[in-house]
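Open the model in your viewer and keep the sequence panel in reach.

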Amino acid sequence: MSLDLYRTLVRPALFRLDAETAHHGTVQACRLAGHVPILPALADRYLRFTDPCLEVEAAGIRFSNPVGLGAGWDKSGVALRMLDHLGFGFVEIGSVSARPSIGNPKPRLFRLPNDEAIVVNYGLPNDGAEAVRERLRCNPMSTPIGVNVVKTNDGFEAQTCREEDVLNDYRESVSLLHDHASYITLNLSCPNTGDGSDYFSPPDRLRRLLESLADLELQCPVFLKLTPTSDVARLDGWLSAIDPFPFVRGLMLNLPPGKPPAAALQTPHAVWERMPGAVAGRPVQRTLDRCLGELHRRMPPARFILIGSGGIFSASDAYRKIRLGASLVQIYTALVYRGPRVVRQINQGLVELLQRDGLTHLNEAVGTLPPSEWDA
Ligand SMILES: Cc1cc2nc3c(=O)[nH]c(=O)nc-3n(C[C@H](O)[C@H](O)[C@H](O)COP(=O)(O)O)c2cc1C
């Protein structure tokens with residue numbers, strides 16, 4: 001499907017549906033397409049772009065290109081067959097929890113087209129770790145597959161949780177899923193815990209979570225999806241808490257909780273103030289860029305890789321995250337606004353940007369943006 005076809009035909013049709021119906025319909029279409037003979041191979045031919053200068057070896061995994069699908073699009077791994085053929089360098093499914101969850105009450109997904117943004121308040125609905133494990137077992141992928149794990153959302157009734165229950169929930173999912181994944185991401189946002197996004201803010205609690213996984217003989221590396229912050233004391237606290245656990249090999253940033261300042265949005269305040277949830281897409285780009293740069297500056301570079309996300313729509317957006325320190329990037333909102341061809345376009349554009357800057361491989365660009373240019 002060409003970009004124009006997506007923008008002129010597919011997107012207008014999808015945008016006539018409410019956002020969650022469109023999301024669900026797209027995932028199901030993708031699931032079915034994976035079972036149609038020839039279609040996955042055709043998609044691969046049309047959507048994949050390869051170039052040796054984009055191949056990344058990180059955390060012991062080989063990625064054919066640095067552009068991945070972010071968690072939350074295929075929450076329960078129902079469309080794995082097709083996702084293997086859309087040109088991504090890696091695919092992250094989830095968030096998956098130990099037990100199935102229906103998530104938050106609807107409506108819980110909204111579009112802000114003037115901002116190329118999505119407001120998301122899904123509350124982590126998914127089919128649970130056992131069902132996802134079975135799908136992973138039955139659909140081996142050639143693309144590296146990450147499984148994003150989170151604490152089960154037990155609904156509004158369950159407002160408080162004992163720490164022991166939270167840690168056991170993660171441990172159960174990780175033990176079920178780690179031998180079917182290329183990597184596991186621990187999504188450190190935690191529902192049912194008051195301000196869930198800050199649950200693992202105390203470094204000691206993060207340390208206890210990692211301790212509880214240390215005896216699992218993990219078959220794949222673990223990445224952490226942290227709450228974004230530029231508070232250096234907080235970042236340093238987390239980095240020291242993680243330090244004793246060599247199985248943690250990657251770091252990425254979650255969406256900032258709440259809404260960006262009104263000035264950062266084109267959509268009138270009266271429209272988005274009624275939409276619960278966090279904002280994804282273009283408006284969070286700069287906030288997440290700054291946090292990424294700060295994280296890269298403070299972490300031991302040989303120990304972790306960074307995965308950049310938040311508002312990547314083009315090769316130059318992706319290149320900026322790479323120059324801020326990311327070895328890999330993930331997209332989500334761009335798929336909704338630009339369609340699946342955006343993956344190929346970003347990869348193609350990255351090769352041109354490397355050539356423009358006289359670089360022969362993507363690795364040479366990682367972390368090269370000086371702090372004086374972070375806000376430019
Ligand atoms: C509708 C939607 C659902 C999401 N669900 C999850 C999720 O379940 N787990 C998670 O770790 N991130 C989730 N995310 C966050 C994305 O993985 C990604 O980090 C974020 O959207 C930033 O990238 P973007 O600006 O390209 O969308 C979700 C994002 C959106 C838009």
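**Stop 1: Asn-347**

Select Asn-347, which sits in helix H13 (residues 341–356). Helices here are DSSP runs of H or I with at least four residues, strands are runs of E with at least two, and both are numbered from the N terminus. This is a predicted model, in which local features need pLDDT of at least 70, side-chain atom pairs count only at pLDDT 80 or more, and totals for chains, interfaces and linings use all residues. Residues are numbered from 1 along each chain as its sequence is written, and side-chain values use heavy atoms, with hydrogens and water left out.

Is Asn-347 buried or exposed? Asn-347 has 0% relative accessibility, so it counts as buried. The cut-offs are under 20% relative accessible area for buried, over 50% for exposed, and partly exposed in between (1.4 Å probe, protein chains only).

Now show what touches Asn-347. Leaving aside neighbours within four places in sequence, its contacts are Phe-49, Leu-54, Asn-65, Pro-66, Val-67 and Gly-87. Contact means heavy atoms within 4.5 Å.

**Stop 2: Asp-51**

Move to Asp-51, in the loop between helix H3 (39–47) and strand S1 (56–58). Asp-51 is partly exposed, at 21% relative accessible area.

**Stop 3: the aromatic rings**

A pair of aromatic rings is described by the distance of the centres and the angle of the planes. A search of the whole structure finds seven aromatic pairs. Rings of Phe, Tyr and Trp (its six-membered ring) pair if their centres lie within 6.5 Å; planes under 30 degrees apart are stacked, over 60 edge-to-face, and the rest tilted.

Select Phe-63 and Phe-90. Their pair is edge-to-face, with 5.3 Å centre to centre and 75° between the planes. Phe-63 belongs to strand S2 (residues 61–63) and Phe-90 to strand S4 (residues 90–96), so the pair ties together parts 27 residues apart in sequence. Both Phe-63 and Phe-90 are buried.

Next, select Tyr-183 and Phe-223. Their ring centres are 4.3 Å apart and their planes at 20°, so this pair is stacked. Tyr-183 is in strand S8 (residues 183–187) and Phe-223 in strand S9 (residues 222–226), so the pair ties together parts 40 residues apart in sequence. Tyr-183 is buried, at 0% relative accessible area. Phe-223 is buried too, with a value of 0%.

Show the four together: ring pairs link Phe-63, Phe-90, Tyr-183 and Phe-223 into a cluster.

**Stop 4: Ala-278**

Go to Ala-278 in strand S11 (residues 278–281). Its relative accessibility is 14%, so Ala-278 counts as buried. Which residues does Ala-278 contact, leaving aside neighbours within four places in sequence? They are Ile-118, Val-119, Val-120, Leu-255, Pro-256 and Gly-258. Then pick Pro-257, 21 residues from Ala-278 along the chain; the two C-alpha atoms are separated by 5.4 Å.

**Last stop: the whole chain**

Zoom out. The protein has 13 helices and 13 strands. Its C-alpha trace spans about 50 × 45 × 45 Å along the principal axes. Of the 376 residues, 57% count as buried. Among contacts with a separation of 6 or more, 76% join residues 24 or more positions apart.
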